[in-house]
Structures are given as structure tokens and as C-alpha cells.
Amino acid sequence: MIYILDTADLAAIKHCNEFYPLAGVTTNPSIIAKAKTDFWKLVKDIRAIIGEDKMLHVQTTQTKAEKIVEEAKLLKKELGGEFYVKIPIGEEGLKATMELHKLGIGVTMTAIFTPTQALMAAKAGADFVAPYVNRLDNIIGDGTEVVAEIVNQLEIYGMDCKVLAASFKNAEQVHKCASVGCHSVTVTDDIMKLLISHPMTDAAIQGFDKDWQGVYGEKTILDF
Ligand code: G3P
């Protein structure tokens, strides 16, 4: 499983980059707009936090293939490192993906809601396809089932493309995606924290502390 953070909140990125086995950060125009700040400063700050080796996925704001390619080249030049341009699925997006694949610029094809979209994106050369799990669940579309079908079809056809499941609203959706072999997920920092939270764990840790302190007080192993 590849864990990615779906936010442009610099404090959240700093935190998760330090405490979690984070592979990178994804953004989209809605996420960037929420920050209400200068675009280049924001994405360059994200790159500075995560470094060149971790993935940074930034979505194009263009709709025509030629302009998507132009924007992708500029983003790659400015942001360097492990970079992926996010492109919504569609004819222009596929055309841009085929061109970018030839140029060696990573592509994450996004706004995926069906396995047919995902397979076409993979065939065009997308490195990742991003199905929106919660938005499917919201319309009784079964996001996990769509993820499972995409994982299976990419495997059947031996495609060099990974599923990057997105749009999660709870930890159970992430768990279900992991159960069907989803390659990667992008989640908010809140969900990242939920993935390791459990009240029984808190109780167990409290029990260890209480028992230890009952005999050794505030001394730790380092103090012996
Ligand atoms: O990048 C796609 C993802 O961020 C969409 O999530 O919560 O807007 O459905 P959401």
C-alpha cells in the first residue's frame, strides 16, 4: 500500500511527512483554492517539505490537450523530482496523456468513476488512475467494488498502472480498498490518523503506563 496525503495544508503535510510512511501529496483545484494563497508558493512549499524523492501530484487547469501538455511541462520544470500531473479523464486528457507518456512526464488520470475509464487511461499511458470512492458510495455506486474491478482488470491486462483510490470519508473505506488489493490511497490527515486509532489501543497503553509507574514511578528504561 502506498499512502499519499490529499491536502495542501502545509502544517498537515509537515506533520504526516514526519510521523507516517508517506509517499507523497496529491492536490486538485478545489484543494488548492481552499488555501486561498499564491499557487506557485504553495506548491513549491509542499515540494520543499516532502523533498524531491516523494511524489507530488498537481492537477492541470487546462481543458485542451496541447495546453495540458504545456502546463504539465511547466509544472514538471518548476516542481521537479517525483512529479505527476493530474488530468481528468476525457478525450483531450487522453490525448495529453499519450503525449506526456512519450515525454516521460508522470500522469495521474483523475475523476475516474468506472473501470472502462480506468482501463482506457492506463492504455493511454497513465501511471495512476484515481477512482473517487466516497463520491461513488454517496450515490450507492459501491466505490470499493469499482476499485476492485479496476485492480483486477489492470492485472489481467498486465498494465503498468496503479490504482490511486481517492475521495475517502472514513477509515473503513480505506480498509475495504486495501482488502481488494488497491495499490495506493490518498487521504486527508484526519483519515490518516484514523487509520492507526483505536480506543482499545489507548486503553492498553494507559494500562502499561499505570502498571509501570506503580512500581518504578516516573523512571524510564533510560534512567536505570
Ligand atoms: O483528488 C480527489 C479527491 O480529493 C476528491 O475528494 O472529498 O472532494 O470527494 P472529495
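How far is an oxygen atom of the ligand from an N or O atom in the side chain of K169? In this predicted model, the gap comes to 2.6 Å. Taken alone, the ligand exposes 310 Å², and the protein buries 82% of that.

So where does the ligand sit? The space it takes up is the largest pocket. If you'd like to find the spot yourself, look for D6, N28, K86, Y132, R135, A166, S167 and K169, the residues around the ligand. Sorted by class, this shell has four charged residues, along with two polar and two nonpolar ones.

Pick out D6 next: an N or O atom in the D6 side chain is 2.5 Å from an oxygen atom of the ligand. Then move along to S167, where an N or O atom of the side chain is 2.7 Å from a ligand oxygen. Both distances fall within the 3.5 Å cut-off for a polar contact, and so does the 2.6 Å found for K169.

To find the two residues, go to helix α3, which covers residues 39-50. K41 and D45 both lie in this helix, four residues apart, and that spacing is about one turn of the helix.

Key:
Residues numbered from 1 in each chain as written. Predicted model: local features only at pLDDT ≥ 70, side-chain atom pairs only at ≥ 80, totals over all residues. Heavy atoms only, no water. Near = heavy atom within 4 Å. Polar contact = N/O pair within 3.5 Å; in protein donor to acceptor, adjacent residues only side chain to side chain. Areas by Shrake-Rupley, 256 points an atom, 1.4 Å probe, with all protein chains shown as cover. 1 Å grid on protein atoms, 1.4 Å probe; cavity = no way out; pocket = protein on both sides within 12 Å on 5 of 7 lines; lining within 4 Å. Sits in = over half its atoms within 2 Å of the grid points. Nonpolar A, V, L, I, M, F, W, Y, C, P; charged D, E, K, R; others polar.
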